[in-house]
Amino acid sequence: MLLHVFRGFLMGGADVIPGVSGGTVALILGIYKRLVKAVSSVDAKLFKRALQLNWRAVVFQLDLTLVVPLAVGIVVGAFALAGVIEWLLTEKRQDTFAAFFGLIAGSTILVGRMVPKWDGVRIAAAAVAAVAAFVLVGLDTLQNPPGGPLYLFVCGAIAITAMILPGISGSYMLLVLGAYDRILEMVHVVKDALKSVSLPPTAMLVELAAFAGGLVIGILSFSKLLKWLLEKKTATTLAVLTGLMVGSLRRLWPFQTDLTPEIEKLSFKRYAFELPDFAAGTTWMTLGWAVAGFVFVLALERLAGGRTAKP
């Protein structure tokens, strides 16, 4: 169970990184299918067992020996790393994005290896998914997103749907929706409140509850579809996920110019892609971080005993 807490910590840390998916980490660590199965097991039979006070069956059906410690680790990881990630993205953006780029590139290879056989249909599915993801991550961040609990509920439902998919980042979706800064702010306020043994502002608690409600509704509804796809259309689904990961690399291209240096909020900043200057020493340092991220993922998969290579 301690190992599951640590796995959750890694997933939680990944979930606060725009461009990196906690689902990718779960896939690398070999618990992805088990997690999807557990989340999608919420049905009428579960409620019937709960009403009958058959708690042993409930624990078994929900796989709570995995879900509970994993959830604890995810929360701890997200709270612990949110401030660090925000600082890195602000102060060390190029090197941070390079490391993320390498992580996603390495993960793409691992997911691609899970496809039993690459035929014409699966290659086409991956290509379409890659183009779709490439276009999606190129969209401008919303300039004036609506506020309030309802909007954050919708953001939560969309973000959690992305988070459980390898290759798609829930944090990136929050960034696109213009809610990323607000969620990080809430995390910081809650952390400070816990330290001072006080409650955050009531309005923020309402927004946080709405966001959490969106997370629950999103994961319970989408996970059933994902479970069906992984069971009935395993190879095609994995091919599509591979394409999504390839396309999402556009969002993590490390060489960018800040077009809005006067804006502090990450959600509202604008960047322009540029080609690397190979005559500059910083370029090679950045490429080194990308290679380090790539090697780290492959090394982690080797430590996991190659389980991610099994469809």
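Let me begin with Leu 177, which counts as buried because its relative accessibility is 14%, where buried means under 20% relative accessible area, exposed over 50% and partly exposed in between, with a 1.4 Å probe and protein chains only. This is a predicted model, in which local features need pLDDT of at least 70 and side-chain atom pairs count only at pLDDT 80 or more, while totals for chains, interfaces and linings use all residues. Residues are numbered from 1 along each chain as its sequence is written, and side-chain values use heavy atoms, with hydrogens and water left out.

Leu 177 lies in helix α10, residues 170-177, helices being DSSP runs of H or I with at least four residues, numbered from the N terminus. From C-alpha to C-alpha, Leu 177 is 9.5 Å from Tyr 151, although 26 residues separate the two in sequence.

Turning to the helix pair, α7 (residues 93-113) and α13 (residues 234-248) pack at an angle of about 165°, their axes 9 Å apart, the axes being lines fitted to C-alpha atoms over the stretch in contact and the angles running from 0 to 180 degrees between N-to-C directions. That makes α7 roughly antiparallel to α13, a term for angles over 145 degrees.

With contact taken as heavy atoms within 4.5 Å, Ile 104, Ser 107, Thr 108, Val 111 and Gly 112 in α7 meet a set in α13 that includes Leu 238, Leu 241 and Met 245.

Finally, in helix α1 (residues 2-15), the end C-alpha atoms are 20 Å apart, which agrees with the 20 Å that its 14 residues should span at 1.5 Å a residue, the expected span being 1.5 Å times one less than the number of residues. Among the buried residues of α1 are His 4, Arg 7 and Asp 15.

Technical notes: Helix = DSSP H or I, 4+ residues; strand = E, 2+ residues; numbered from the N terminus. Parallel < 35°, antiparallel > 145°, perpendicular 65-115°, else oblique.
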